[in-house]
Amino acid sequence: MGDVAKDLTAGTIGGAAQLICGHPFDTIKVKLQSQPVPLPGQLPKYSGAFDAVKQTIASEGPRGLYKGMGVPLATVAAFNAVLFSVRGQMETLVRSNPGVPLTVNQQVVCGAGAGVAVSILACPTELIKCRLQAQSALAGSETATVAVKYGGPMDVARHVLRSEGGIRGLFKGLVPTMAREIPGNAIMFGVYEALKRKFAGGTDTSGLSRGSLIVAGGLAGASFWFIVYPTDVIKSVIQVDDYRNPKFSGSFDAFRKIQASQGFKGLYKGFGPAMARSIPANAACFLAYEMTRSALA
């Protein structure tokens with residue numbers, strides 16, 4: 001079994017584990033990010049993460065926490081095939097001699113390269129997911145987008161293709177997606193490798209316990225979101241913005257308007273759920289990847 005096929009298989013299983021563990025947290029994150037700014041004297045729709053969970057379950061049932069998971073689950077094979085396969089190919093390119101372990105800096109470069117490639121798949125997937133997750137949070141606002149009640153992922157895709165500029169509409173938010181994925185994956189893979197070597201006491205990390213892999217994966221995932229979270233907020237508000245009456249003309253405009261209306265904390269709406277998600281979800285992803293890759297060796 002070739003290395004690319006092994007990365008594809010292990011990455012797919014790791015991605016599925018990540019998605020199942022982390023999607024409810026992601027739903028709450030997007031709801032907090034996309035809820036409209038309240039008028040003076042009014043309270044926000046959600047007072048915080050726990051309130052968003054309570055309202056979501058009350059109005060949509062527990063299934064509401066998994067809204068929008070169909071598209072990421074359906075594309076997890078392609079997404080993780082690209083992420084881990086491109087990272088594997090980058091490792092081959094930057095390795096000075098066959099069999100020589102990469103430095104942590106080289107792992108950072110490999111992660112950045114994988115981030116470039118995965119952004120192309122992530123953007124349309126995230127747009128569909130965010131539309132489904134955010135429509136209840138935006139209900140009752142003056143945003144025209146929510147007049148369209150999406151019945152599911154394919155309904156979102158059909159509406160965007162028909163009414164929002166065709167294929168180009170599915171790539172709305174590509175710039176902030178790349179601004180999230182490139183540095184985020186660079187940091188994540190660099191931190192993951194550095195922690196594994198720290199725990200192993202050297203470059204040979206093949207004997208690490210599952211507990212060590214869980215800790216390394218969880219902290220690596222947390223580092224991803226800690227570094228790039230504001231770009232994710234900008235991506236989300238752009239992707240759920242109304243096509244006919246947009247609030248934002250682009251990423252920099254969204255940044256300026258969020259800063260002006262909500263201050264610095266506006267760029268960190270939903271940060272708690274994102275961090276709460278990142279640790280168990282990425283711990284599950286990396287553990288599943290490593291175990292599957294080892295079994296296929």
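Colleague: Why is L83 called buried?

Modeller: In this predicted model, L83 has a relative accessibility of 7%. The term buried applies under 20%, so L83 counts as buried.

Colleague: Where does L83 lie, and which residues does L83 touch?

Modeller: L83 belongs to helix 3, which covers residues 70-94. Leaving aside residues up to four places away in sequence, L83 touches A114, V118, N185 and F189. A contact requires heavy atoms within 4.5 Å. For L83 and V118, which stand 35 residues apart along the chain, the C-alpha atoms are separated by 5.8 Å.

Colleague: Is S85 buried or exposed, and how do you know that?

Modeller: The relative accessible area of S85 is 11%. Buried means under 20% and exposed means over 50%; S85 is therefore buried. S85 also has its place in helix 3. With residues up to four places away in sequence not counted, S85 touches V4, D7, L8 and N80.

Colleague: What fraction of the residues of the chain count as buried?

Modeller: Of the 297 residues, 51% count as buried. The chain exposes about 13600 Å², and carbon and sulfur atoms supply 65% of that area.

Colleague: How many helices and how many strands are there in the chain?

Modeller: The chain has ten helices and zero strands. Read along the sequence, the pattern is α-α-α-α-α-α-α-α-α-α.

Colleague: What share of the contacts with a separation of 6 or more comes from residues 24 or more positions apart?

Modeller: Residues 24 or more positions apart account for 78% of those contacts in the chain.

Colleague: How do you know that the span of helix 7 is close to the expected one?

Modeller: Helix 7, residues 174-200, contains 27 residues. From its first C-alpha to its last, helix 7 reaches 38 Å, and 39 Å is expected at 1.5 Å a residue. The span is therefore close to the expected one. Helix 7 is followed by G201, which has a positive phi, near 75°.

Colleague: How far apart are the mean positions of the positive and negative charges?

Modeller: The mean positions of the 30 positive and 18 negative charges of the chain are 3 Å apart.

Terms used: Residues are numbered from 1 along each chain as its sequence is written. This is a predicted model: local features need pLDDT of at least 70, side-chain atom pairs count only at pLDDT 80 or more; totals for chains, interfaces and linings use all residues. Side-chain values use heavy atoms; hydrogens and water are left out. Helices (H or I, at least four residues) and strands (E, at least two) are DSSP runs, numbered from the N terminus. Buried means under 20% relative accessible area, exposed over 50%, partly exposed in between (1.4 Å probe, protein chains only). Accessible areas come from the Shrake-Rupley method with a 1.4 Å probe; for residues, only the protein chains shown count as cover. Lys and Arg count as positive and Asp and Glu as negative; His and the chain ends are not counted. The place of a charge is taken as NZ of Lys, CZ of Arg, CG of Asp or CD of Glu.
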